[in-house]
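Subject: Model handed over, with notes

Hello,

The sequence and the structure are below, and my notes follow them. Please read the notes with the structure open.

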Amino acid sequence: MIETSRIEKRPGIMVAFDMEDVPSAIRLAEELSAADGNFAIKIGRPLEMQTGKEVISKVRDATDLPIVYDGKIADIPYISAKIAEIAYGAGADAVIMHAFVGADVMREVVNLGMGDVITVIEMTHPGSVEYLGHFSEKLIRKTSEIGVDGIVLPATRPERVSALSGLLNGDSDSETYIISPGIHAQGAEPGDAIVNGSDYEVVGRAIYQSEDPKESAEQIYRQAISRLGGV
Ligand code: C5P
């Protein structure tokens, strides 16, 4: 069984591995292991579609950093749990699923007990406010009740991160971590989400498409952390 809660609730950068070639993913995983900062890796569908679950195992073999499988799972309970089980079995420490599919689906995945569960509350793109955004408060209360480990809030709307992070378990001692995509390629600046209560800023293109991904990751980490003051 995979060790649980390897993702610490403290400020860091979750690097989105959305590149489409496996060797560069392995290389970046190795480089991030030696990088200065608090990093986690998020494997999305574009990379997964290259080889299937094997890429999760390959990245697992290349690093001890936490690995999140971002399948944005949104199916019936049986299928959602099956997808999550395959990802955990391949080496993922956490899976990302949608919260809007309902409490029964979230419970089924949480009850596997194989790793962390992160639920999408709001997304970064403008269309997220059309429908999803109307239910955020309700979704957060439900995820807290069910006991998910992390939630996704948009760095592109820091005011939402600020307002919604305060709802987690109704207090500031919540152990539930927040991850927030949207840095650089989608317009937010490093630190925008962290200063508003998020723990990990998710960064994809600005790192894996840069000339020196390790250096970019370290630089973005430093920029984000410096916004908290002190470092
Ligand atoms: O390249 P970029 O930094 O924009 O990548 C953002 C990553 O975060 C992508 O992997 C995308 O799937 C993910 N994501 C997002 N918005 C969400 C949830 C995940 O952009 N609400």
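Two strands are taken to pair if DSSP finds at least two bridges between them. By that rule β1 (residues 12-17) and β2 (residues 39-44) pair, with five bridges joining them, and they run parallel. Within this pair, F17 stands opposite I43 of β2. Please keep in mind that this is a predicted model.

The barrel

The pairing of β1 with β2 belongs to a closed barrel of eight strands. Its order is β1-β2-β3-β4-β5-β6-β7-β8, and the pairing is parallel. On average, neighbouring strands of this sheet are turned by 25° against each other, with direction ignored.

Strands β3 and β4

Strand β3 (residues 67-73) is joined to β4 by three bridges, and the two run parallel. V68 is the residue that stands opposite A94 in β4.

How much of β4 is covered? Strand β4 (residues 94-98) is mostly covered, with five of its five residues buried. In a regular strand, side chains alternate between the two faces of the sheet. In β4, A94, I96 and H98 lie on one side, while V95 and M97 lie on the other. Both faces are covered, as these residues are all buried. Helix α4 (residues 77-90) lies across β3 and β4, and runs at about 160° to β3.

Helices α5 and α6

Helix α5 (residues 103-110) packs with helix α6 (residues 136-146) at an angle of about 35°. Their axes are 10 Å apart. The crossing in which α5 passes α6 is right-handed. On the α5 side, the contact is made by A103, M106, R107 and V110. On the α6 side, the residues are K142, T143 and I146. By class, the residues of this contact comprise four nonpolar, one polar and two charged.

The ligand

Which residues come nearest to the ligand? Of the 18 residues around the ligand, the nearest are A16, M123, P181, G204 and R205. The shell around the ligand is made up of eleven nonpolar, four polar and three charged residues.

That is what I have on this model.

Regards

Notes: Residues are numbered from 1 along each chain as its sequence is written. This is a predicted model: local features need pLDDT of at least 70, side-chain atom pairs count only at pLDDT 80 or more; totals for chains, interfaces and linings use all residues. Axes are lines fitted to C-alpha atoms, for helices over the stretch in contact, and angles run from 0 to 180 degrees between N-to-C directions. Helices (H or I, at least four residues) and strands (E, at least two) are DSSP runs, numbered from the N terminus. A crossing is left-handed if the near helix is turned anticlockwise from the far one by less than a right angle, and right-handed if clockwise. Two residues are in contact if their C-beta atoms, placed from the backbone, lie within 7 Å. Ala, Val, Leu, Ile, Met, Phe, Trp, Tyr, Cys and Pro count as nonpolar, Asp, Glu, Lys and Arg as charged, and the others, Gly among them, as polar. A residue is near a molecule or strand if its C-beta atom, placed from the backbone, lies within 6 Å of it. A residue is buried if 20 or more other C-beta atoms lie within 10 Å of its own, exposed if 12 or fewer, and partly exposed in between; C-beta atoms are placed from the backbone.
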